[in-house]
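Thanks for coming. I have one structure to go through today, so please look at the screen.

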Amino acid sequence: DYLWAIVLGASVFAILIATIVLIVFKNQKAFISEQKKQMEKLRQSEERFRTLFEESNDAIIISAPSGKFLDANLACVELLGYPSKSELLNKNLMGDI
């Protein structure tokens, strides 16, 4: 009886472990699937922002709190009369403009 209880207990434990592994695997698969969906949504959102930023006829410039220019669209470069975006981005809002 004692040996049978040990074998039965080991079998129940093995089934429990297998069930836990399956649940974890299923949840991990769902998590990864959801993470991929969220990453695709983020990529699409960034693409829409970049397109709006680059193709806008309105001047758009992004600067740091320090005044350093981080990015500008072509409309901004042309409006401010700089020959290139890189030249504009080398300027500082606080001291150069």
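**Aromatic pair, core and a loop serine**

One aromatic pair is counted here. The partners are Phe49 and Phe53, which are stacked, with 5.9 Å from centre to centre and 25° between the planes. Keep in mind that this is a predicted model.

Why are Phe49 and Phe53 separated by about one helical turn? Because they sit four residues apart in helix H1, which covers residues 2-55. Now, buried or exposed? Phe53 has a relative accessible area of 2%, so Phe53 is buried, the limit for that being under 20%. Phe49 is at 46% relative accessibility and therefore counts as partly exposed.

Next, the core. Which residues make up the largest nonpolar core? There are seven: Phe69, Ala72, Cys76, Val77, Tyr82, Leu88 and Leu89. At least two residues of this core come from each of strand E2 (69-72), helix H2 (74-80) and helix H3 (85-89).

Take Cys76, one of the seven core residues. Setting aside residues up to four places away in sequence, Cys76 touches Ala59, Ile60, Ile61 and Leu88.

Last, Ser56. Where is Ser56 placed? Ser56 lies in the loop between H1 and strand E1 (61-63). The Ser56 side chain reaches the backbone nitrogen of Asp58, at 3.0 Å. With neighbours within four places in sequence left aside, Ser56 is in contact with Thr51, Asn73 and Ala75.

That is what I have; comments are welcome.

Definitions and conventions:
Residues are numbered from 1 along each chain as its sequence is written. This is a predicted model: local features need pLDDT of at least 70, side-chain atom pairs count only at pLDDT 80 or more; totals for chains, interfaces and linings use all residues. Side-chain values use heavy atoms; hydrogens and water are left out. Rings of Phe, Tyr and Trp (its six-membered ring) pair if their centres lie within 6.5 Å; planes under 30 degrees apart count as stacked, over 60 as edge-to-face and the rest as tilted. Buried means under 20% relative accessible area, exposed over 50%, partly exposed in between (1.4 Å probe, protein chains only). A nonpolar core is a set of buried Ala, Val, Leu, Ile, Met, Phe, Trp, Tyr and Cys residues joined through side-chain atoms within 4.5 Å. Contact means heavy atoms within 4.5 Å. A polar contact is a pair of N or O atoms within 3.5 Å; within protein, one must be able to donate a hydrogen and the other to accept it, and residues adjacent in sequence count only if both atoms are side-chain atoms.
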